[in-house]
Amino acid sequence: AATARGNGARVAVLPFEVGGGDSSLARSTALLLTDAITQKFQVPTVDGHDLVGRWTAERRRITAPLQDNAGFAYGLGANQMVLGSAITAGHDLRLTIDVYDTHDLAPLAHGAVTGDQDSLFSLVDRLAPQVAAAMCTQPEFNPNHLCYDTAARPRQPLRVHDVPQPGEVPPTAPAFFVQVYRSGAVGDVRVKTASNDNDVNAFALAEAQQATYLPARKNGQPVDAWATVPVAVEIGTGPAVVLPAGCAEPGYNPGKACFDIRPSPLAPPTATWRGTGPTPTPATFWIRVSATGTVERVQPLATSSVSAFSDSALAVARGVKFNPAMKDGRPVPAWTQIAVLPNQ
């Protein structure tokens with residue numbers, strides 16, 4: 001079986017479980033399915049002949065516990081595995097498959113087809129799209145529009161602004177894989193191509209996470225899918241933003257001298273509370289946020305009614321990620337207040 005190379009969606013098709021113990025049918029069905037998903041849908045696979053050889057040498061059985069089969073597939077470098085069965089009844093042959101993630105054993109797909117015993121090739125060809133469709137959870141996987149007809153995309157092109165220092169190499173533009181649900185909500189965001197400037201990476205990531213998206217569509221209906229999202233870098237010129245000395249202290253921003261838009265956390269900060277008794281009141285803090293959105297300093301402002309929760313809240317406050325403050329359209333360091341709430 002040919003082995004394709006791709007985006008990490010590597011599949012191991014294990015020998016099928018066959019009633020009556022026909023090992024030849026068990027192996028040939030797995031090899032045919034491996035060839036079909038590789039050649040027709042460009043799904044990266046574990047080499048079928050190598051897999052069958054090792055399977056036979058180790059005297060493995062498809063009826064072994066699920067985690068044992070997953071461990072075998074994972075040991076061959078597979079992120080997903082296909083477990084199948086073949087049942088004969090008279091002249092009929094029924095093939096059933098289940099696709100699992102080898103890391104967490106999550107079920108990804110199920111399929112079944114029935115036909116004449118002499119139509120094994122056509123039955124396998126009918127199963128192949130169902131296996132391939134399970135790979136739609138991987139970025140940039142959409143052979144022959146299997147996963148979607150129209151890709152998800154941001155409602156507006158994404159861009160960040162940067163002013164290189166004299167003699168500094170201009171920043172390159174980053175790109176991200178963004179998981180867009182059929183509702184348009186954003187799931188995971190992964191770096192596809194990083195910029196050579198860490199600040200640009202941080203700002204661009206925030207843009208990709210906060211943007212609004214149009215979902216992908218399949219047969220006219222919205223579907224979950226990954227989008228490839230570039231973020232343009234607009235190069236500006238001019239001196240750096242100079243902030244008054246008072247901006248180094250909490251609460252100072254007369255006439256927006258320090259910032260036009262204050263820092264804001266990417267997600268509401270909460271700390272887990274498992275104690276008994278009344279629910280603790282929130283703990284509040286002054287937070288000094290850098291121009292890249294990281295926490296530089298934390299000063300307690302109001303402690304919680306439960307001292308133990310204040311300690312937990314302080315640890316959370318130090319790790320909060322922010323959208324940085326903006327001054328004249330550029331990110332700047334600034335102070336802000338946050339309240340860390342108990343999450344029971």
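I'll take a sheet, then a cavity.

This is a predicted model, where local features need pLDDT of at least 70, side-chain atom pairs count only at pLDDT 80 or more, and totals for chains, interfaces and linings use all residues. Residues are numbered from 1 along each chain as its sequence is written, and side-chain values use heavy atoms, with hydrogens and water left out.

The sheet is open. It has 4 strands, in the order β15-β21-β16-β17, with mixed pairing. Strands here are DSSP runs (E, at least two residues), and helices are runs of H or I, at least four, numbered from the N terminus. Pairing takes at least two DSSP bridges. β15 and β17 (295–302) sit at the edges with a single partner strand each, so one side of each has no neighbour in the sheet. On average, neighbouring strands are turned by 35° against each other, direction ignored. Helix α6, residues 307–318, packs on this sheet. The helix touches β15, β16, β17 and β21, with contact meaning heavy atoms within 4.5 Å. Its direction makes about 20° with that of β16; axes are lines fitted to C-alpha atoms, for helices over the stretch in contact, and angles run from 0 to 180 degrees between N-to-C directions.

Now the pairings. β15 (270–272) runs parallel to β21 (334–343), with 3 bridges. There, T270 stands opposite L341. β16 (283–289) is antiparallel to β21, over 7 bridges. A283 partners V340, and F285 partners I338.

Last, the cavity. Which residues line it? C136, Q138, E140, F141, C147, Y148, A225 and W226. A cavity is a set of points on a 1 Å grid over the protein atoms alone where a 1.4 Å probe fits but cannot get out; lining residues have an atom within 4 Å of a point.

Notes
On a 1 Å grid over the protein atoms alone, a cavity is a set of points where a 1.4 Å probe fits but cannot get out, and a pocket is an open set with protein on both sides within 12 Å along at least five of seven lines; lining residues have an atom within 4 Å of a point.
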